[in-house]
Amino acid sequence: MSASNPVLIIGAGVAGMTAAVELADSGIKAVLVERQETVGGNALDLYKAFPTDDCFYCFEGNRWRPGIRKCFYRSALIDQPNISLKMNSEVNTISGTPGQFTVTLSVGPQYIDPKKCTMCGLCLEKSKAFHLISPQCQPQAVVYNPSINDDGAKQAEEECPTKAISLNAQPTEEIIKVSDIIIATGYHEMKPVNMDEYSYGKHPNIITQLELAKIIDPNGESNGVPLKPSDGKPVKRVMMVQCVGSRDENYYPYCSKICCVFALKHANILMQERDGVQVSVVYMDIRTYDRYERYYHTARESGVEFIRGRVSLIQPREDGSLDIVVYDSLLNKYLKFSVDLFVLSSALEPPEGTNKLIESLGLKSASGFVGIADPKTENEVIVGDHIYACGTALGPAEVPESVTQARAAVSKILQSRK
Amino acid sequence: MVVVYPMTEMDEQSGPPITLIDPIDMSKLDTKFREQIKSMPNGEELSACFACSTCTAACPIANIWQYKPHQLIRMIILGMKEEVLSSNEIWLCLTCFQCQERCPQKVRVTDIFFDCKNLAAEEGKVPPNIIGLGKELLEKGQLYTVTADWEREDLGLEPAVPGLSVDSMKNTLKKTRTNKLVEGGE
């Protein structure tokens, strides 16, 4: 076994970044591959994250807590010499034997060099091709959209004070040898377009929880004021419905685990921090496991309306509002509501490409996510020989759980190299 | 059964209803009812209810109720003031307090039903048999008068209850709301 070979980490979300930094700090080289143009994955869109309700960008007040570190290890990803971060990149093929994998990567063009970019904003003024995802984005650099290739962009390239822009950057293919692979590919929020009863995709005011998180994020377009997507007017009444696609044999048989807390977190933010918004939650069971019962308690205290039952009918009206009839199974009555925003707590599903990865590495599948190699053991991060998985690649998980699993995977690698 | 109209044809549909469901229109309910109950004695814990139905499981007579205890609490939270205050159930309650004893969220269920009875009485919604009891109290100063004096005789007791004075009770009751209720009810 070649102990000097780096470890490949697929996905730079919470789990992948944790694994990369922990490995790098232990003196092991890590290649962190990310499909998108920013690290952080789904967590970036969460605004406030449970269990601590901190803004996801900064965990200043919670640095002492186990499982949470400040700002996603902010500078480590760029400055830690043991981490090689590949943005806009994908894993093409994996061959070789356990302990000596050969991996081909499609590395996206590096238009902006994050080591040079100071985010001064000059290029943003020159052309719409450049934009800053957020002041806290990682890598700390603007991003470039090559489809808007205007004169302003060329001018920016010339005038960039640190010469960080290279518009002619090309995609490359890299072949690397790695000893171990950590799969941290995360999850995708199901878009319930096929569930006719919820009309998702047919009406602008019917959205998912992740879409709501973006609307109420103070860093968002409306500075966190909930506005109707249909006409931009303030939202007064919100209805959420739980278990959309989860615990449903037609879609995903498992409980997506975090949607209840996710919905309650949003309900509490809307009721307590936004003016005059009333929230109703339609549910089958509220599953606020572990410490999360307090979200449910707070929600009831702050006046969130809970209706045990299911939605029977949705009727859009001319002013963009929705008339929704709900069957209340506790009362055995049908209730009719008029709401501005209808939010679906949609299932977490394996991201695109998971099947291919499972097949090419000969791994087990657990309802489409990466399965544990030996379910009888308690080694839930070992999914193959020299192959590990952590975070939501293994199935729905919360942030602290993802971090813990990432550390467990790193710990297994360190033990194997002793 | 689920019908969704496309965005273009909406509002005021003519023709037959799309389903036979006749839902309760939430906008017509009294959203302040919840707060009203919460502001009354022992009502603060109302919103802690998570609808587990323990109260209904505990109730010895709910099987004959149209609205079970957990449903009444749900109705209060939803704002169904009219239905709750004119329901028979709040008066049928035995006040055995088993629901309140068992509630995992410390909701004072029985006490909340007392609050409901008080609100109902204020609106004059008291069943005739309860008014009858009030009348009896006002007239006789006691609810249970001695009727079968042979029992007292068998036990060797004197015919009348010694020292029983109902006059002061009658006088007091005249100044209470019980009197107003009975008079108003006549």
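Buried area is the accessible area, taken with a 1.4 Å probe, that two parts lose on being put together, summed over both. In this predicted model, domain 1 and domain 2 of chain B bury about 430 Å² between them, 67% of it on carbon and sulfur atoms, while chain B and chain A bury about 2,900 Å² between them, 57% of it on carbon and sulfur atoms. Because the model is predicted, local features need pLDDT of at least 70 and side-chain atom pairs count only at pLDDT 80 or more, whereas totals for chains, interfaces and linings use all residues. Residues are numbered from 1 along each chain as its sequence is written, chains are lettered from A in the order in which they are written, and side-chain values use heavy atoms, with hydrogens and water left out.

**Where chain B meets chain A**

- Counting contact as heavy atoms within 4.5 Å, 32 residues of chain B touch 33 residues of chain A.
- There are two salt bridges between the chains, a salt bridge being a side-chain nitrogen of Lys or Arg within 4 Å of a carboxyl oxygen of Asp or Glu; R34(B) and E305(A) meet in a salt bridge at 3.8 Å, N to O.
- The elements that give two or more residues to the chain B side are β1 (24-25), α1 (32-38) and α3 (69-78), with helices (H or I, at least four residues) and strands (E, at least two) taken as DSSP runs numbered from the N terminus.
- The largest share of that side, five residues, comes from α3(B).
- By class, the chain B side has 20 nonpolar, six polar and six charged residues, where Ala, Val, Leu, Ile, Met, Phe, Trp, Tyr, Cys and Pro count as nonpolar, Asp, Glu, Lys and Arg as charged, and the others, Gly among them, as polar.

- Eight strands form an open sheet of mixed pairing, in the order β13(A)-β19(A)-β14(A)-β15(A)-β16(A)-β17(A)-β18(A)-β1(B), and two strands pair if DSSP finds at least two bridges between them.
- The edge strands, each pairing on one side only, are β13 (206-208) of chain A and β1 of chain B.
- Strand β18 (residues 333-339) of chain A runs parallel to β1(B) and is joined to it by two bridges, and I24(B) is the bridge partner of L335(A).
- Within chain A, strands β14 (residues 237-244) and β19 (residues 341-346) pair in the parallel sense over five bridges, with M240(A) opposite V343(A).

**The two domains of chain A**

- Chain A is divided into domain 1 (7-108 + 171-187 + 350-416) and domain 2 (190-347), with bounds that come from an automatic or database domain assignment.
- The C-alpha centres of these domains of chain A lie 31 Å apart, and their contact takes 18 residues from domain 1 and 25 residues from domain 2.
- Domain 1 and domain 2 of chain A bury about 1,900 Å² between them, 57% of it on carbon and sulfur atoms.
- The count between these two domains is two salt bridges; E401(A) and K257(A) meet in a salt bridge at 2.7 Å, N to O.

**The two domains of chain B**

- Chain B is divided into domain 1 (26-125) and domain 2 (126-158 + 167-186), whose centres, taken over C-alpha atoms, are separated by 28 Å.
- The contact between them takes six residues from domain 1 and five residues from domain 2.
- In domain 1 of chain B, W91(B), A121(B) and E122(B) lose the most area to domain 2, together 71% of what that side buries.
- One salt bridge is found across this interface, and the side chains of R177(B) and E122(B) meet in a salt bridge at 3.1 Å, N to O.
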